[in-house]
Structure formats: C-alpha cells, structure tokens
Amino acid sequence: MTSTKLIFKSFIYLLLITFLTSCGTFDESTSTTSSTQSSVIGTTTDNYPTSFIDGLITQFNAAANNALAGTTAKYAVNQYNITYNTLDPNGNPTIASAKLLVPSYNQNLNIILYLNVASKTLDSSAGTNTYVDFSNFDGVDTSTIETNIASDQESLLNTILASQGTAVLMPDHLGFGASSGLHPYIVANGYSYPSLDALRAAKNFANTNGVTFTFSNKFIITGYSGGGYATLATHKELITNPSNYTDLDLATNLKGVIPGAPPCNLSTVMANQLISVADYTRPDYGPYILLAYNDTYNLVSDVKTLFKTEYQSIVDDFYSGTKTLSTDILDQFSTIISDPALYPVDIFSDSFKTE
C-alpha cells in the first residue's frame with residue numbers, strides 16, 4: 001500500500017479523534033434488539049498490551065512518513081470476534097462476522113463503525129482472521145511476536161485507534177470470515193445490512209452476562225475506498241428506511257459519516273474507464289463487479305459465457321478465496337494493461353460487448 005493511502009487513512013484517524021473529543025461523555029446505552037437478526041451466535045477473545053500497540057505505531061509511522069508522530073497507546077485493547085445473524089443483499093438470512101476492538105478503559109464507549117476496504121478476494125484478509133501469538137513476548141521486544149496484524153492496514157490502524165479510548169467495530173464483509181461465497185462487491189445492501197446488524201450485535205453482546213464493557217449510544221461510520229462506498233451505502237440505508245432503525249436513535253446518536261475515496265459514480269466514470277481508457281491499471285475491478293452483480297441479480301445462468309475464452313478460467317479465481325485481487329488475479333490481465341490497443345472491456349466476449 002502506498003504512503004499516500006496510509007497518510008490519507010491517518011488523516012481519517014485524526015478526524016475520528018477530533019469527533020471523539022467533541023462528543024464528550026454520554027449516558028450508558030441500554031439499547032438492544034431481540035430479533036433473530038443481529039443476534040450473536042458466538043465470540044472469541046484476544047488481548048493486545050500497550051507495549052505491543054506502541055510497536056504497531058512505530059511500524060505505521062515508518063510506512064506513512066510519521067503521520068501519527070507523537071501517538072502512543074493509552075490503553076490495552078481487547079479484540080472480540082463476533083459471529084452474528086444478518087441478511088444477504090436480497091434480504092435472505094445469512095451469517096457474518098465482525099471484529100470488535102475495546103480499550104481497557106471500557107465504560108460508556110463511543111463506537112467507530114469502520115467498514116474495510118472491499119477490493120479483496122482473499123478469505124484470510126478478513127479482520128477476524130487477525131492473530132497475535134504472545135507466547136515468546138518478553139514485554140519489550142515486539143519482533144518476537146508471531147502476528148499477521150501488520151499485513152492488514154485496517155486492523156493495524158484501528159487497533160491503534162481503539163488504544164486511544166474508543167470502541168472500533170470492523171465487520172467482515174460478506175464472503176469473508178464466517179460467511180461464504182463471493183463477496184457482493186459494490187452491491188449496496190451487501191454492505192448496509194451486515195454493517196448495521198454488526199452494530200446491533202455488538203450492542204447485544206455488551207448487554208450479555210459476564211461482559212464488563214458498556215457503550216454509549218453514539219457512533220460514527222467511516223471507511224476507505226470500497227469501504228468508503230460501504231459507508232455511503234450504509235448511510236443511505238439509514239436515511240432511506242429510518243423506521244427500521246429506531247433502536248439506534250439516529251437523530252441523536254449518529255455523530256458523523258466519513259466516506260474516504262469511495263467509488264461512487266460507476267455508470268459514468270468507471271464505465272468510461274472500462275470502455276475507453278487504454279493501459280488502465282486495474283481492469284480487474286470490472287469483472288469483480290460483473291460477477292457480484294450476476295450473483296445478486298441472476299443476470300445469466302453461466303457467467304463465464306460473458307468472458308472471452310482466454311479469461312474464463314480467471315472467474316474461478318474470484319470465487320476461490322485463495323487468490324488476491326491486486327496480485328494473483330490482476331497479473332492475469334497483464335496483456336490488457338500493457339497493450340495500448342486493448343481496453344478493460346476487451347476482457348468480455350464480443351457478443352456481450354455488443355449487447
């Protein structure tokens with residue numbers, strides 16, 4: 001990930017800190033939902049001491065030109081992986097998972113609902129798959145810790161954010177973590193339903209016996225890139241169907257919506273890129289959207305027929321969960337990228353392009 005993107009994310013981080021400071025102290029939440037939807041199925045727990053988080057801050061600053069210079073961990077952080085009931089883009093019941101990061105100062109916490117970068121195809125990149133093995137940790141040398149947290153910038157940055165004294169909720173997008181199938185990439189309800197159910201599930205979890213932390217009612221929604229789109233989609237669902245979310249008391253409790261660099265004009269900007277921009281560096285986005293839309297809206301029975309023969313095998317890579325979008329899959333479109341006579345739309349069959 002480029003330094004520019006990391007700096008942009010740190011800018012969002014600083015905005016969130018500003019929001020949290022301005023929010024002040026609020027009454028403890030007693031809100032809960034009793035329906036099967038958003039009910040918690042199971043949880044697991046991990047803990048990150050302040051010394052470990054300070055090591056994450058050092059790593060982030062090294063990659064982002066000291067964008068978080070002067071930041072240190074104020075609190076240790078507990079990670080709870082929550083599996084919960086939700087809906088798929090068509091409103092059918094399914095399950096999903098989310099990572100909830102809670103600081104050791106854990107009373108009356110505001111929530112940052114952070115929606116991850118969505119342009120991924122690798123199942124192991126789900127936030128709930130983050131792990132840290134402290135078995136060899138001496139409390140000082142973080143290099144002795146076996147972990148994958150630094151490989152996911154969202155997990156790294158939000159662990160740092162939680163250490164400043166707020167709860168951060170990171171839903172795994174559908175298709176990742178506890179859910180299966182292709183991720184419904186850039187399908188609005190594929191983000192809004194599980195994201196809002198994750199928020200309700202976290203609040204339900206906080207109200208169960210044996211849980212020691214409490215939430216305020218206040219929350220902020222944010223995300224970057226595809227997560228920025230997810231932020232817009234989630235906000236739209238809230239304002240379009242407010243009667244479905246009266247338990248969240250939106251007029252009082254939604255304190256901010258910060259969509260970072262969202263793809264929000266597909267029908268003109270992105271369509272033009274696919275059709276008329278030669279040497280376009282990310283032709284993989286077009287097939288990803290097509291596959292996701294076909295799964296959601298049942299456009300054709302055999303989606304491979306929409307691709308040229310030489311690209312049909314790549315379709316399976318999108319569904320495998322073992323291939324990365326930006327390397328494994330993108331590399332197979334190298335001819336489209338390098339040949340000035342070809343455009344991203346040339347991935348698709350001539351009949352499909354004509355139609």
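In this predicted model, helix 4 and helix 5 are roughly perpendicular to each other, because their axes cross at roughly 70 degrees and an angle of 65 to 115 degrees counts as roughly perpendicular. The two axes, of residues 188-206 in helix 4 and residues 226-240 in helix 5, come within 8 Å. On the helix 4 side, the contact is made by Ala188, Asn189, Tyr191, Ser192, Tyr193, Ser195 and Leu196. These residues meet Tyr229, Ala230, Ala233, Thr234, Glu237 and Leu238 in helix 5. By class, the contact of helix 4 with helix 5 consists of eight nonpolar, four polar and one charged residues.

A second helix pair can be described in the same terms. Two packed helices are described by the angle between their axes and the distance between the axes. For helix 8 (residues 285-297) and helix 9 (residues 312-320), the axes cross at roughly 70 degrees and come within 11 Å. Helix 8 and helix 9 are therefore roughly perpendicular to each other. Here Pro287, Tyr288, Leu291 and Asp295 of helix 8 meet Val315, Phe318 and Tyr319 of helix 9. The contact of helix 8 with helix 9 comprises six nonpolar residues, one charged residue and no polar ones.

The loop between helix 8 and helix 9 holds asparagine 298. Its phi is near 50 degrees, a positive value in a residue other than glycine. Asparagine 298 has a relative accessibility of 63% and so counts as exposed, the cut-off for exposed being over 50%. A positive phi is also found at asparagine 66, where the angle is near 55 degrees, again in a residue other than glycine. Asparagine 66 belongs to the loop between helix 2 (50-63) and strand 2 (77-87).

With a relative accessible area of 0%, leucine 115 is buried, as buried means under 20%. Along the chain, leucine 115 and aspartate 133 are 18 residues apart, and their C-alpha atoms are separated by 25 Å.

Towards the end of the numbering, serine 349 sits in the loop between helix 11 (334-338) and helix 12 (350-354). Serine 349 counts as buried, because its relative accessibility is 10%. Neighbours within four places in sequence aside, serine 349 is in contact with Thr305, Leu306, Phe307 and Lys308.

The overall picture is as follows. The secondary structure of the protein amounts to 12 helices and nine strands. Its radius of gyration is 21 Å, close to the 20 Å that the globule rule gives for 355 residues, so the protein is as compact as a globular protein of that length. Along the principal axes, the C-alpha atoms fill a box of roughly 60 × 50 × 35 Å. Of the 355 residues, 51% are buried. The protein exposes about 15,100 Å², of which carbon and sulfur atoms supply 51%. Among contacts between residues at least 6 apart in sequence, 77% join residues at least 24 apart.

Terms used: Residues are numbered from 1 along each chain as its sequence is written. This is a predicted model: local features need pLDDT of at least 70, side-chain atom pairs count only at pLDDT 80 or more; totals for chains, interfaces and linings use all residues. Side-chain values use heavy atoms; hydrogens and water are left out. Axes are lines fitted to C-alpha atoms, for helices over the stretch in contact, and angles run from 0 to 180 degrees between N-to-C directions. Helices (H or I, at least four residues) and strands (E, at least two) are DSSP runs, numbered from the N terminus. Angles under 35 degrees count as roughly parallel, over 145 as roughly antiparallel, 65 to 115 as roughly perpendicular and the rest as oblique. Contact means heavy atoms within 4.5 Å. Ala, Val, Leu, Ile, Met, Phe, Trp, Tyr, Cys and Pro count as nonpolar, Asp, Glu, Lys and Arg as charged, and the others, Gly among them, as polar. The radius of gyration is taken over C-alpha atoms; the globule rule is 2.2 Å times the number of residues to the power 0.38. Buried means under 20% relative accessible area, exposed over 50%, partly exposed in between (1.4 Å probe, protein chains only). Accessible areas come from the Shrake-Rupley method with a 1.4 Å probe; for residues, only the protein chains shown count as cover.
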